[in-house]
Structures are given as structure tokens and as C-alpha cells.
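Subject: Structure handover and notes

Hello,

I am passing on the structure we discussed, and I would be glad if you could look it over when you have time. My notes come after it.

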Amino acid sequence: LSTDYERYTWSSDRPGTFSLVTIDDPASSDALVTIFTPSNGPGTYIIRLTVEDLDNVLPEASNTLEVAVNSLPTATISGSSTICEGQRTDLTFILTGSLPWDLTYNDGTSDITIPVGSANQTVSVSPVLTTTYTLVSVSDNNACVTTGLTQTAVVQVRELPTVDAGVNRSVPVNTSVSLTPSLGGSFTDV
């Protein structure tokens, strides 16, 4: 920090706000720390720090830095389906942002985080009971994180049908027999 410069001014080429724009006679370089909040969405912001000698002895000097503001990643889930016990089905996640991602979803019991290396990710599931899978969060390679996701896919699980034809019988010739089966599980037509 040069004691010959009395005024330090922050500026940006795109809309945004600084916690401190102009700092007069800072006591140390720590006094120049400011927070910049971009307000024009994703893109590259060129930030300039200009220093001035208010006595006009030294020339004005400046330097720039770039701040890349990245879009938040997004994720969607699909794959609602109906399966029978023991079968598998696929959930499909579609992501945006900068790969790779860490995707977190919930299976109704716990959060599951998986690394994802492509914009379309398929996960095979085989729930024992009807299960609602809910998106929770996604983070990308830029350390951008989207939380509070609530989109779901429901996998309905039907019991396997069971059939018991009944007990063995012994009857005289030309006698009618009443057959009483026992049925269980899911049937569409009986």
C-alpha cells in the first residue's frame, strides 16, 4: 500500500454493487477489502481498482481483474413407473452447469449422493416397496450449488401374484368338486 495515494476506487464494467466504492486514506491494505455483488446475471465482470494522488503529484494508476459469474446448475428427474417386486427400473437425471456434478437425491429413507460425469445420468433402482425419489441438490465443477430441489419420480411396486389351487381331493366317479383357489398379490384380472 503506497502512502502517496489517497483515494482508491472500485468499479465494474457491468452492473453490480460494492460494499465500499471509494476508500480515502486507508490505514492498511485490509481497509481496501470490499465485497462485490454482481447484479446482471452470469458472465464475466471486469473489476477495476483505480488509485489517485489527490495532490496530483503521482499519475493515476489502475489494474483490473476478471470475475466469472456462473449460472447455477440445474437437475431434473424422471422415471415414474410401476414394477413388480424384484424388478428394476431406471431413474433419469438431466443436468446443466459445468461438469462433473455431485447430485443428491433422497429415496424416502436417506440422501444418496452420486458423482455424475455427463448431462444425462441413468440410475437403476429396485425398491421393495413403492418409493418416491426426490431431488435434493446439485453442485457443479464451478462450486456452484443449487439446493431446495423438490422434483420427484415415483416407482410403484406391486406384489408378485400368488396362486394356491387348493387342497388335493378324492371323490367318487361322476361327482362334482368345488375348487376354491387362494389368490394374493396384484392381479389386473381374475
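Below are the notes, going from the whole chain to single residues.

This is a predicted model, in which local features need pLDDT of at least 70 and side-chain atom pairs count only at pLDDT 80 or more, while totals for chains, interfaces and linings use all residues. Residues are numbered from 1 along each chain as its sequence is written, and side-chain values use heavy atoms, with hydrogens and water left out.

The chain has 0 helices and 17 strands (DSSP runs numbered from the N terminus, with helices being H or I of at least four residues and strands being E of at least two). Its radius of gyration, taken over C-alpha atoms, is 33 Å, well over the 16 Å that the globule rule (2.2 Å times the number of residues to the power 0.38) gives for 190 residues, so the chain is more spread out than a compact globule. The C-alpha trace spans about 125 × 25 × 20 Å along its principal axes. Of the 190 residues, 26% are buried, where buried means under 20% relative accessible area, exposed over 50% and partly exposed in between, with a 1.4 Å probe and protein chains only.

The loop between β9 and β10 holds Pro-100, which is joined to Leu-99 by a cis peptide bond with omega of about 0°. Strand β10 (residues 101–106) is then linked by 6 bridges to the antiparallel strand β11 (residues 111–116), with Leu-103 opposite Ile-114. These two strands form a hairpin with 4 residues between them, and Gly-108 in the turn has a positive phi of about 90°.

Most residues other than glycine have a negative phi, and most peptide bonds are trans. Ala-143, in the loop between β13 (131–139) and β14 (145–147), has a positive phi near 65°, and counts as exposed at 66% relative accessibility.

Best wishes

Technical notes:
Pairing = 2+ DSSP bridges.
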